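Dear colleague,

Please find below the structure for your files. My notes on what was found in it follow directly after.

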Amino acid sequence: QISAREHRLKMFTARKKIVKELVGGKEAPVDAFEESVAQAIFDLQVQTDMKADLQDLFITGAKEVEVSNSRKAIIIHVPFRLLKSFHRIQQRLIRELEKKFSGKHVCIVAQRRILPREGRSNRLQKQKRPFSRTLASVHDSTLDDLVYPTEIVGKRTRMRVDGSKVLKVVLDPKDQQNVEHKTDTFTTVYKKLTGRDAVFEFPVQAAE
């Protein structure tokens, strides 16, 4: 049983594991769920052999989404400049966080900013919009983040009968056993982040 003072100190220290974006010159508020994710990451830093890997890492946000009536998923946003560092430990980090959050699927996605297309209102901007800041590029990168370290081996857009579009994403079959149970989560999280429909599947193996 820890004292109230020790609890406050622990929460203050864990608070360093989340740095929100500035809004109007001030850091956006951190909600209780984000604090719980930051605390879980801090606990892994101090209680496991992941200290060296985690001590310089922090997140920018976290949210919970409902995948189905019986399952929820956690989206963790991290700074783009730290994404490679997260990737180095991502498989173990996700495994440990999913244990801490009762088996909820965890997805780690870089925080990216989409810049508007050049128009009358912003034509005088001195710099041309980088491709990496376009809507299409950010959505493609979000897909890659979502399924990492599994590779995407194919993508195609299909038209539904009602005229709406759905993106079919084909994943590397060598990882099928490890990630097949997460494809519904990928669909839900991609829709939440981009507003677009996608289904994730594996190549159909030809019968021998």
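I begin with the largest pocket, whose lining residues divide into ten nonpolar, five polar and six charged. In this count Ala, Val, Leu, Ile, Met, Phe, Trp, Tyr, Cys and Pro are nonpolar, Asp, Glu, Lys and Arg are charged, and the others, Gly among them, are polar. Please note that this is a predicted model, in which local features need pLDDT of at least 70 and side-chain atom pairs count only at pLDDT 80 or more, while totals for chains, interfaces and linings use all residues. Residues are numbered from 1 along each chain as its sequence is written, and side-chain values use heavy atoms, with hydrogens and water left out.

The largest pocket has a volume of about 390 Å³. Of the 21 residues that line this pocket, Q91, P149, N178, V179 and K182 are the closest to its centre. A pocket is here an open set of points on a 1 Å grid over the protein atoms alone, where a 1.4 Å probe fits and protein lies on both sides within 12 Å along at least five of seven lines; lining residues have an atom within 4 Å of a point. Grid points are joined across faces, edges and corners, and the volume is the space filled by probe spheres set on the points. Helix α4 gives the largest share of the lining, five residues. At least two lining residues each come from α4, β5, α5 (135-147) and α6 (176-179).

Overall architecture

The protein chain has seven helices and eight strands; these are DSSP runs numbered from the N terminus, helices being H or I of at least four residues and strands E of at least two. Of the 208 residues in the protein chain, 40% are buried, where buried means under 20% relative accessible area, exposed over 50%, and partly exposed in between (1.4 Å probe, protein chains only). Among contacts (heavy atoms within 4.5 Å) with a separation of 6 or more, 61% are between residues 24 or more positions apart.

Two buried residues

K17 is located in the loop between α1 (4-14) and β1 (22-23), and is buried at a relative accessible area of 4%. Not counting residues up to four places away in sequence, K17 touches A38, I41, F42, Q45, L54, Q55, L57, F58 and I59. The K17 side chain makes a polar contact with the side chain of Q45 (2.7 Å) and reaches the backbone oxygen of L54 at 2.6 Å. A polar contact is a pair of N or O atoms within 3.5 Å; within protein, one must be able to donate a hydrogen and the other to accept it, and residues adjacent in sequence count only if both atoms are side-chain atoms.

H105, in strand β5, is likewise buried, with a relative accessible area of 4%. Its contacts, leaving aside neighbours within four places in sequence, are R71, K72, A73, I74, E98, H181, K182 and T185.

Salt bridges

The count comes to 14 salt bridges, each defined as a side-chain nitrogen of Lys or Arg within 4 Å of a carboxyl oxygen of Asp or Glu. In the pair formed by R92 and D49, the closest N and O atoms are 2.5 Å apart. R92 lies in helix α4 (residues 83-100) and D49 in the loop between α2 (32-47) and α3 (51-54), so this pair ties together parts that are 43 residues apart in sequence. R92 is partly exposed at 29% relative accessibility, whereas D49 is exposed at 61%. D49, R92, E96 and K99 are linked in a network of salt bridges.

K104 forms a salt bridge with E64, again with the closest N and O atoms 2.5 Å apart. K104 lies in the loop between α4 and β5 (105-111) and E64 in strand β3 (residues 61-68), so the pair ties together parts that are 40 residues apart in sequence.

R160 and D197 meet in a salt bridge at 3.1 Å, N to O. R160 is in the loop between β6 (152-159) and β7 (165-171), and D197 in the loop between α7 (183-194) and β8 (198-201), 37 residues apart.

Backbone geometry

A cis peptide bond, with omega of about 10°, joins Y148 and P149; P149 lies in the loop between α5 and β6. S102, in the loop between α4 and β5, has a positive phi near 55° and is exposed, with a relative accessible area of 69%.

Yours sincerely
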